[in-house]
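Subject: Handing over the structure

Dear colleague,

I am passing this structure on to you, together with some notes on what was found in it. Please have it open while you read.

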Amino acid sequence: MNNDKNPLHGITLADILESLVSQYGWEEMGERINIRCFNHDPSIKSSLKFLRRTPWAREKVEQLYIRSQRKSK
């Protein structure tokens with residue numbers, strides 16, 4: 001896969017999460033993606049730990065990030 005076509009190339013999961021939290025806040029993120037680490041005592045650290053172990057949840061977060069970047073352009 002050509003890295004120029006990958007919208008996530010060079011962006012860390014922490015960067016993605018921080019961007020989404022600043023854009024949406026934890027409450028809206030928990031509504032958009034219903035996972036416990038967003039809805040119960042959320043933090044960047046606990047969310048990163050969960051998302052790194054849970055591919056389906058990470059995929060949802062990455063897709064939300066890609067959509068949010070398209071809207072902001």
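Predicted model: local features only at pLDDT ≥ 70, side-chain atom pairs only at ≥ 80, totals over all residues.

Residues are numbered from 1 along each chain as its sequence is written, and side-chain values use heavy atoms, with hydrogens and water left out.

I begin with the core. A nonpolar core is here a set of buried Ala, Val, Leu, Ile, Met, Phe, Trp, Tyr and Cys residues joined through side-chain atoms within 4.5 Å, where buried means under 20% relative accessible area, exposed means over 50% and partly exposed lies in between (1.4 Å probe, protein chains only). The largest nonpolar core holds 21 residues, of which L20, M29, I35, F38, L51 and V61 touch the most other members. Two or more residues each are given to this core by helix 1 (13–32), helix 2 (36–39), helix 3 (44–53) and helix 4 (55–72), and the largest share, nine residues, comes from helix 1. Helices (H or I, at least four residues) are DSSP runs, as are strands (E, at least two), and they are numbered from the N terminus. If residues up to four places away in sequence are not counted, L51 touches L13, L17, I35, F38, A57, R58 and V61, a contact being heavy atoms within 4.5 Å.

How do helix 1 and helix 4 lie to each other, and at what angle do their axes cross? The axes come within 10 Å and cross at roughly 95°; they are lines fitted to C-alpha atoms, for helices over the stretch in contact, and angles run from 0 to 180 degrees between N-to-C directions. Helix 1 and helix 4 are therefore roughly perpendicular to each other, since that word covers 65 to 115 degrees, with angles under 35 counted as roughly parallel, over 145 as roughly antiparallel and the rest as oblique. On the side of helix 1 the contact is made by L13, I16, S19, L20, Q23, Y24 and R32, and on the side of helix 4 by R58, V61, E62, L64, Y65, S68 and Q69.

Turning to charged pairs, a salt bridge is a side-chain nitrogen of Lys or Arg within 4 Å of a carboxyl oxygen of Asp or Glu, and by this rule the count comes to two. In one of them the side chains of E28 and R32 meet (2.8 Å, N to O), and these residues, four apart in helix 1, are separated by about one helical turn. E28 is partly exposed at 29% relative accessibility, and R32 is partly exposed at 40%. The other joins the side chains of E62 and R58 (2.9 Å, N to O), both in helix 4 and four residues apart; E62 is buried at 15%, whereas R58 is partly exposed at 30%.

Two single residues remain. L13, in helix 1, is buried with a relative accessible area of 5%, and beyond its neighbours within four places in sequence it is in contact with L48, L51, R52 and R58.

With best wishes
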